[in-house]
Amino acid sequence: MKLADVQFSDRERVVIARLSGEIDLSNADSIENAIAEATPNQALALLLDVSALDYLDSAGIHLIYKLREKLRARGQTMRLVIPPHSPANDALRLAGVARNIDTAESVEAALAEFSPESAPAQVPDPGSV
Amino acid sequence: MGGAGQNSHVTLENPHQREPRAGHAVLGPVEPALAPAHQVEAFARLSDPALSELGLEEFLDELLLRVREALGVDTVAILLHDRANHQLVARAAKGIEEEVEQGVRIPIGQGFAGRIAEERVAVFIADVDHADILNPILREKGIRSLLGIPLIVEGELIGVLHVGSLVPREFGQRDLAVLQVAAARAAPGIERARLFSELEREHQVAMVLQRSLLPKRLLDVIGVKTAARYLPASDEVGGDWYDVFELARGRLGVAIGDVVGHGVRAAALMGQLRTALHAYAMQDYGPARTLELVDRFVQAMPDYAMATAAYAVLEPDTGEVQLASAGHLPPIVVGAGGGRVVDITPSAPLGAFSYGRVQEQELVLRPGETLVFYTDGLVERPGTPLTDSIDTLLEVVKGARSVDDLCRQAVERLVPVAGLRDDVAIVAIQNSEIDDELNLSLPADPKILSEIRLLLRRWLRHHGANDSQTLEITLAVSEACTNAIEHAYSPAPADFTLQATAHDDQLTFVITDVGRWRAPRGQDRGRGLTIIRAAMDDVEVESSDTGTQITMRRRITP
């Protein structure tokens with residue numbers, strides 16, 4: 001069993017990387033590289049979803065910072081998807097860095113920021129039932 | 001005696017072909033009564049029962065040496081019939097080893113040996129220079145005269161045995177008789193060996209398919225011990241398997257199965273089912289759903305297939321086991337107070353019904369208890385009710401000193417000496433006792449970190465820590481161990497130690513390494529120590545020339 005897994009999906013020009021399992025010193029570098037590789041240059045942003053992580057420590061927090069810097073250098077932004085009650089959030093809280101990263105509580109909330117259709121209010125067509 | 005002219009060879013009659021060949025001189029029947037003393041001894045040496053005890057290589061080697069000695073010839077060779085290619089292939093030789101080394105192949109019907117094979121007659125060639133010889137090695141060796149006979153078993157051509165002389169020689173009836181004794185001796189042995197090697201190959205294929213490795217991890221440290229055995233049936237391969245693998249969050253999966261039927265097909269099917277079960281299990285489907293998915297997999301197979309299987313997931317922190325069985329024999333639980341058969345209602349076997357439902361149930365393995373799965377080959381004995389056999393199994397394993405000892409005892413005491421009619425698989429998983437104190441020497445390898453966390457969660461639960469305390473303490477200890485591993489930057493493998501002690505509700509952890517506490521590099525580093533200080537009540541870091549020691553304490557009063 002691999003300690004962690006990462007599952008990728010795309011929504012328009014946003015890449016979603018959903019992490020699961022445990023991240024520590026043994027796998028943080030390879031996961032960081034995998035996510036950087038899987039985010040193409042034309043992508044607007046990366047949503048790093050850590051909601052399903054069972055364990056994250058300083059090695060994982062380091063990964064988040066390094067990844068954010070890498071993307072910033074390419075002109076891309078990163079949002080961390082992290083629910084308030086999750087092992088990942090506990091680690092960030094204990095490390096005292098919870099508020100230093102752009103976060104969202106869910107993938108949908110984070111996507112709304114990047115979706116062009118979500119900007120103007122959706123008006124229902126009065127002709128439709 | 002065969003008047004071997006310059007351009008002719010003599011065909012000697014073979015017992016398997018009574019009809020005389022036109023154009024060849026045919027010799028009369030053998031008269032063994034006239035054999036002189038030294039030939040009687042040669043016969044005896046060729047008939048030596050001890051030869052049967054040898055493996056094929058040694059057997060052929062010894063037989064050819066004895067033929068050469070008995071006939072006083074210079075070369076002896078055996079070529080085997082390659083049915084697929086309609087050829088003879090040099091298999092063993094004395095005096096003309098090049099034949100075998102070069103893998104000489106002779107088409108049936110051509111040349112000296114090819115003619116013997118096609119016509120199934122003995123052939124004598126008085127002068128090689130003037131005969132139809134295909135194999136250049138015979139001439140290059142300077143062989144002048146040849147005598148060869150077919151090797152036949154139950155009407156089937158097995159190959160050709162021939163002898164050669166470097167000086168012109170008239171081979172006669174007595175020479176032929178000796179050669180025929182050798183052929184009669186060699187042919188069945190070769191045929192048996194050929195059949196045996198096919199069986200052996202089939203057997204090896206099955207063993208490769210069946211071989212299952214227990215996961216490599218510090219299971220002893222974590223507190224779960226596993227052991228297993230697989231024994232093939234004595235004559236045929238079977239479809240039993242077992243599997244043990246790690247799942248997410250430190251849980252352990254244990255599976256066992258038995259494909260209905262025998263032979264290579266059952267073994268191949270077993271390989272597929274084992275892989276399918278393992279793959280579904282890895283997706284965290286849980287025992288019942290995993291078995292249901294394997295059932296659907298079996299249902300979708302083009303040929304009829306059926307199997308029984310059981311699958312369990314153990315949570316090492318609590319000893320809780322989720323368990324499901326598709327028609328498989330009930331597992332047993334063995335502990336200090338004896339053993340019991342797990343009361344399980346098995347669902348239908350895999351492949352038995354469309355969309356069959358598999359039931360799941362729970363049990364708890366207390367520290368020290370062992371869950372044992374096995375296949376019917378271990379307990380099914382003619383004339384004995386299955387329940388009696390399972391009781392015998394319980395009796396046999398209840399005094400086992402370890403999981404490995406348990407598997408060994410079960411196999412040694414229940415498997416008959418005469419061999420098995422069915423294959424056997426047994427796999428045991430023990431929720432071992434939890435030590436009150438931890439005192440571990442660990443390799444400075446990042447891979448050890450997840451093992452440490454598994455062990456620690458189990459230990460913390462044992463001492464009454466709640467979920468959030470367990471999370472925070474595990475995080476702090478893992479951070480301290482990460483630091484110890486990062487310090488060990490010497491090229492040689494290094495160790496560090498972890499001690500954990502509990503006094504009432506006060507837990508103390510000491511992590512010691514032989515490196516220096518490194519100053520945090522960059523603003524992102526040093527978070528480890530921040531986390532440790534936030535998670536524990538008090539933390540001391542002592543750094544010296546010889547190493548660094550972190551001592552941290554945490555009270556777990558609710």
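## The largest cavity

Helix 4 of chain B (residues 111-119) gives the most to the lining of the largest cavity: three residues. Helices here are DSSP runs of H or I with at least four residues, strands are runs of E with at least two, and both are numbered from the N terminus. The model is predicted.

This cavity has a volume of about 70 Å³. Its lining includes Gly111(B), Phe112(B) and Ala113(B), along with Leu79(B), Glu99(B) and His162(B). Seven lining residues are nonpolar, three are polar and one is charged. Gly counts as polar here, while Asp, Glu, Lys and Arg count as charged.

## The other cavities

The count comes to four cavities of 30 Å³ or more. A cavity is a set of points on a 1 Å grid over the protein atoms alone, where a 1.4 Å probe fits but cannot get out; lining residues have an atom within 4 Å of a point. The volume is the space filled by probe spheres set on these points, joined across faces, edges and corners.

The second largest cavity has a volume of about 60 Å³. Among its lining residues are Asp295(B), Arg296(B), Phe353(B) and Arg357(B). Here the lining divides into six nonpolar residues, one polar and three charged.

## A five-stranded sheet

Chain B holds an open sheet with antiparallel pairing and the strand order 18-19-20-22-21. Strand 18 (438-443) and strand 21 (538-543) of chain B stand at the edges; each has a single partner strand, so one side of each lacks a neighbour in the sheet. From one strand to the next, the twist averages 15°.

Strand 19 (residues 495-503) and strand 20 (residues 506-513) of chain B pair in the antiparallel sense over seven bridges. Pairing takes at least two DSSP bridges. Ala502(B) stands opposite Leu507(B), which lies in strand 20 of chain B.

Helix 14 (residues 467-487) of chain B lies across strands 19, 20 and 22 (548-555), at about 15° to strand 20. Axes are lines fitted to C-alpha atoms, for helices over the stretch in contact (heavy atoms within 4.5 Å), and angles run from 0 to 180 degrees between N-to-C directions.

## Confidence

Chain B has a mean pLDDT of 83, and 83% of its residues reach 70 or more. pLDDT is the predictor's confidence in each residue, from 0 to 100. Over residues 1-8 of chain B, pLDDT stays under 50. Residues 13-34 of chain B also stay under 50. Where pLDDT is low, the predicted coordinates should not be read in detail. For the complex, the predictor gives an ipTM of 0.87 and a pTM of 0.64.

## Conventions

Residues are numbered from 1 along each chain as its sequence is written, and chains are lettered from A and ligands numbered from 1 in written order. Local features need pLDDT of at least 70, side-chain atom pairs need 80 or more, and totals for chains, interfaces and linings use all residues; side-chain values use heavy atoms, without hydrogens and water.

Notes
1 Å grid on protein atoms, 1.4 Å probe; cavity = no way out; pocket = protein on both sides within 12 Å on 5 of 7 lines; lining within 4 Å.
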